[in-house]
Amino acid sequence: MARIAIIMEILPVDQDVNLEELIKKIKQNLPEGFELKDTQIRPVAFGLNLIKAIFIGPEKEGVTQELENYLNGFEEIQEVTVTMETRL
């Protein structure tokens, strides 16, 4: 089965969220078939940072929505934006 890379920007609810801890929590229970390949913490504005993350997952219908639903389940996350998706 082919794999896809999904690049996402993950915005926390506020600047007090420990992004390193949030990354660990995200990695712990990823849906089956997904892998968190790389992360970067990037500044947004006024002390707020976001996580730019690269996920690898199976190429199947609804895969991006499945990952978005998983991430939106975290109370520390305000918004998830898919910035790119490509077949590997």
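Guide: Start with one pair. Glutamate 66 and lysine 60 join their side chains in a salt bridge, at 3.4 Å from N to O. A salt bridge here is a side-chain nitrogen of Lys or Arg within 4 Å of a carboxyl oxygen of Asp or Glu.

Visitor: What should I know about the model itself?

Guide: It is a predicted model: local features need pLDDT of at least 70, side-chain atom pairs count only at pLDDT 80 or more, and totals for chains, interfaces and linings use all residues. Residues are numbered from 1 along each chain as its sequence is written, and side-chain values use heavy atoms, with hydrogens and water left out.

Visitor: Is glutamate 66 buried, partly exposed or exposed?

Guide: Buried means under 20% relative accessible area, exposed over 50%, and partly exposed in between (1.4 Å probe, protein chains only). Glutamate 66 has 28% relative accessibility, so it counts as partly exposed. Lysine 60 has 41%, so it is partly exposed too.

Visitor: How many salt bridges are there by this rule?

Guide: The count comes to 5. Another of them pairs arginine 87 with glutamate 59, with the closest N and O atoms 3.1 Å apart. This pair links distant parts of the chain, 28 residues apart: arginine 87 sits in strand E4 (residues 77-87), and glutamate 59 in the loop between strand E3 (48-58) and H2. Arginine 87 is exposed because its relative accessibility is 56%. Glutamate 59 is partly exposed at 33%.

Visitor: Where is threonine 64 placed, and which residues does threonine 64 touch?

Guide: Threonine 64 lies in helix H2 (residues 63-72). Contact means heavy atoms within 4.5 Å. Leaving out residues up to four places away in sequence, threonine 64 touches Ile6, Met8, Val82 and Glu85. Threonine 64 counts as buried because its relative accessibility is 14%.

Visitor: What about the chain as a whole?

Guide: Of its 88 residues, 40% count as buried. Take contacts between residues at least 6 apart in sequence: 73% of them join residues at least 24 apart. Along its principal axes, the C-alpha trace spans about 40 × 20 × 20 Å.

Terms used:
Helix = DSSP H or I, 4+ residues; strand = E, 2+ residues; numbered from the N terminus.
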